[in-house]
Amino acid sequence: MTPEEYVEAVLALVERIPPGRVMSYGAVADALADGSGRNSARLIGAIMSRHGGGVPWHRVVNSAGRLPPGHEVRARALLRAEGTPMRAAGVDMAKAGWHPDGGM
């Protein structure tokens with residue numbers, strides 16, 4: 001998979017995250033690891049930062065549920081509007097976590 005194909009795969013996966021649910025950067029990387037040969041949460045963060053404006057970027061958070069740095073206020077508003085289970089520090093990952101294979 002070329003770097004460009006990987007970016008497209010990341011964005012396509014983020015598009016599939018249902019409203020009210022989230023994935024961590026690491027979960028996105030894990031979900032794509034077998035087909036891509038890549039598995040880096042930091043790379044997912046970089047891709048989302050550079051290319052994620054056209055997808056529901058607010059549905060990708062860190063593994064503790066913290067919202068995207070620098071976009072916390074907007075992300076919290078979007079997630080609340082979708083009914084995403086929240087905690088004081090961010091998303092309730094136990095309730096809101098989603099995986100394309102039905103896990104999490």
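Select Y6, A9, V10 and L13 in α1: they meet V28, A29, A31, L32 and S36 in α2. Here "meet" is contact, with heavy atoms within 4.5 Å. This is a predicted model, where local features need pLDDT of at least 70, side-chain atom pairs count only at pLDDT 80 or more, and totals for chains, interfaces and linings use all residues. Residues are numbered from 1 along each chain as its sequence is written, and side-chain values use heavy atoms, with hydrogens and water left out.

Colour this contact by class. The contact of α1 with α2 has eight nonpolar residues, one polar and no charged. (Nonpolar covers Ala, Val, Leu, Ile, Met, Phe, Trp, Tyr, Cys and Pro; charged covers Asp, Glu, Lys and Arg; the others, Gly among them, are polar.)

Now show both helices whole. Helix α1 spans residues 3–16 and helix α2 residues 25–36; they pack at about 135°, with axes 11 Å apart. That makes α1 oblique to α2. Axes are lines fitted to C-alpha atoms, for helices over the stretch in contact, and angles run from 0 to 180 degrees between N-to-C directions. Angles under 35 degrees are roughly parallel, over 145 roughly antiparallel, 65 to 115 roughly perpendicular, and the rest oblique. Helices are DSSP runs (H or I, at least four residues), numbered from the N terminus.

The axes of α2 and α3 come within 8 Å and cross at roughly 105°. The two helices are therefore roughly perpendicular. Pick Y25, G26, V28 and A29 in α2; they meet A41, I44, G45 and M48 in α3. Six of these residues are nonpolar, two polar and none charged.

Turn to α1 and α3. Their angle is about 80°, and their axes lie 10 Å apart. This pair is therefore roughly perpendicular too. Select Y6, V7, V10, L11 and V14 in α1, which meet L43, I44, I47, M48 and H51 in α3. Nine of them are nonpolar, one polar and none charged.

Last stop: the largest pocket. Select Y25, G45, M48, S49, G52, G53, W57, V60, P68, P69 and H71, which line it. (A pocket is an open set of points on a 1 Å grid over the protein atoms alone, where a 1.4 Å probe fits, with protein on both sides within 12 Å along at least five of seven lines; lining residues have an atom within 4 Å of a point.) Which helix gives the most to the lining? Helix α3 (residues 41–51) does, with three residues. The lining has six nonpolar, five polar and no charged residues.
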